[in-house]
Amino acid sequence: RMCGMSACSSRFVLSQVHPMWQEPLAIPGGNRQSPIDIAVRNSIFDPHLRPLVAKYDPRTCQQIWNNGYSFLVEYDDTMDKSTLSGGPLEDRYRLCQFHFHWGENNAWGSEHTVDHRLYPAELHLVHWNADRYSLFEEAVMEENGLAVIGVFLKVGKRHEGLQKLVDALPAVRHRDSMVEFTKFDPSCLLPSNMEEYWTYAGSLTTPPLTEAVCWIILKQPIEVSHDQLAVFRSLLFTSAEEEVQKSMVNNFRSQQPLKGRTVRSSFS
Ligand SMILES: CCCCCOc1ccc(S(N)(=O)=O)cc1
Ligand SMILES: [Zn+2]
């Protein structure tokens with residue numbers, strides 16, 4: 001049904017898809033919202049952009065839980081152990097969690113698009129500015145408080161590193177369920193090419209939608225298998241007590257206006 005439809009018309013179809021949550025009418029400021037479409041030909045090559053430096057310590061991995069929007073893998077961010085620096089960043093940012101957004105099928109699911117190309121899912125590695133703030137909750141309210149790496153997922157060969165995560169998902173099927181999850185190195189979810197990315201000033205894509213994020217979207221997607229993505233869709237938005245169970249799918253936000261922002265690229 002989806003084959004043969006161009007990406008933008010499938011985007012039209014998306015408007016018929018039930019939104020994950022009712023979009024608030026007015027957002028504070030509202031002129032640097034995320035996600036966006038990355039129009040490659042309008043991005044500006046910035047030769048001053050440096051390679052990204054992600055140094056993650058698997059020993060800081062703590063738990064995995066279903067927060068009713070996605071499933072999160074959370075890290076101990078009380079020390080400078082898993083950090084991101086370089087790229088467009090002036091300061092050092094600490095990893096606090098990573099999570100994904102995905103669709104009900106492989107035709108859509110990502111939050112960002114590249115020249116309107118949709119991917120079946122998108123990984124977000126969330127970091128906060130530990131040079132300027134002392135808590136994630138503080139940084140989330142501040143301009144340049146957060147840095148989020150976005151990685152596109154495409155359907156292909158099975159991702160061996162992801163499988164440990166996939167195997168833990170049945171234990172967090174319902175909203176608010178949590179299990180211990182340790183010694184997971186999120187570097188295994190990064191593509192080999194960390195040099196080519198786009199970066200722009202944006203926001204959280206779920207409430208509180210604060211305009212605090214330096215987005216870094218990697219050009220190279222990672223490959224995961226059809227079956228691995230299918231397990232994401234076995235999660236539920238609903239808690240164990242609710243009578244009607246709702247599959248956790250289409251947990252992405254609709255695209256937001258660029259409002260004159262510049263998207264920079266680290267490559268020409
Ligand atoms: C004060 C508590 C805030 C909790 C919300 O934190 C978030 C929300 C969205 C994203 S995302 N999809 O833009 O990467 C990252 C972190
Ligand atoms: Zn996200």
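Residues count as buried under 20% relative accessible area and as exposed over 50%, with partly exposed in between. The model discussed here is predicted. By those cut-offs K246, with a relative accessible area of 47%, is partly exposed. K246 sits in the loop between α4 (226–232) and β15 (264–265). Its C-alpha atom is 27 Å from that of H159, and the two residues are 87 apart along the chain.

H99 is buried at a relative accessible area of 11%, and H124 is buried at 1%.

Strand β9 also holds H127. H127 is buried, its relative accessible area being 0%. Between the C-alpha atoms of H127 and C96 there are 5.6 Å in space, while the two residues are 31 apart in sequence.

**Largest pocket**

Two or more lining residues come from each of β4 (61–66), β5 (71–75), β7 (93–102), β9 (121–129) and α2 (136–139). Strand β7 provides the largest share of the lining, four residues. By residue class, the lining of the largest pocket has 14 nonpolar, 11 polar and three charged residues.

**Aromatic pairs**

The count of aromatic pairs comes to 11. One of them, Y119 with F152, is stacked, with 4.4 Å from centre to centre and 15° between the planes. Y119 is in the loop between β8 (113–114) and β9, and F152 is in strand β10 (residues 146–155), so the pair ties together parts 33 residues apart in sequence. Y119 counts as buried at 7% relative accessibility, and F152 is buried at 0%. Ring pairs also link F71, Y75, F98, F100, W102, F181, F184 and F232 into a cluster.

**Accessibility and position**

I36 is found in the loop between α1 (7–14) and β1 (37–38). I36 is buried, with a relative accessible area of 1%. The C-alpha atom of I36 is 21 Å from that of P191, a residue 155 positions away along the chain.

The table collects relative accessible areas for residues discussed above.

| Residue | Relative accessible area | Class |
|---|---|---|
| H99 | 11% | buried |
| H124 | 1% | buried |
| Y119 | 7% | buried |
| F152 | 0% | buried |
| I36 | 1% | buried |
| H127 | 0% | buried |
| K246 | 47% | partly exposed |

Key: Residues are numbered from 1 along each chain as its sequence is written. Chains are lettered from A and ligands numbered from 1 in the order in which they are written. This is a predicted model: local features need pLDDT of at least 70, side-chain atom pairs count only at pLDDT 80 or more; totals for chains, interfaces and linings use all residues. Side-chain values use heavy atoms; hydrogens and water are left out. Ala, Val, Leu, Ile, Met, Phe, Trp, Tyr, Cys and Pro count as nonpolar, Asp, Glu, Lys and Arg as charged, and the others, Gly among them, as polar. Buried means under 20% relative accessible area, exposed over 50%, partly exposed in between (1.4 Å probe, protein chains only). Rings of Phe, Tyr and Trp (its six-membered ring) pair if their centres lie within 6.5 Å; planes under 30 degrees apart count as stacked, over 60 as edge-to-face and the rest as tilted.
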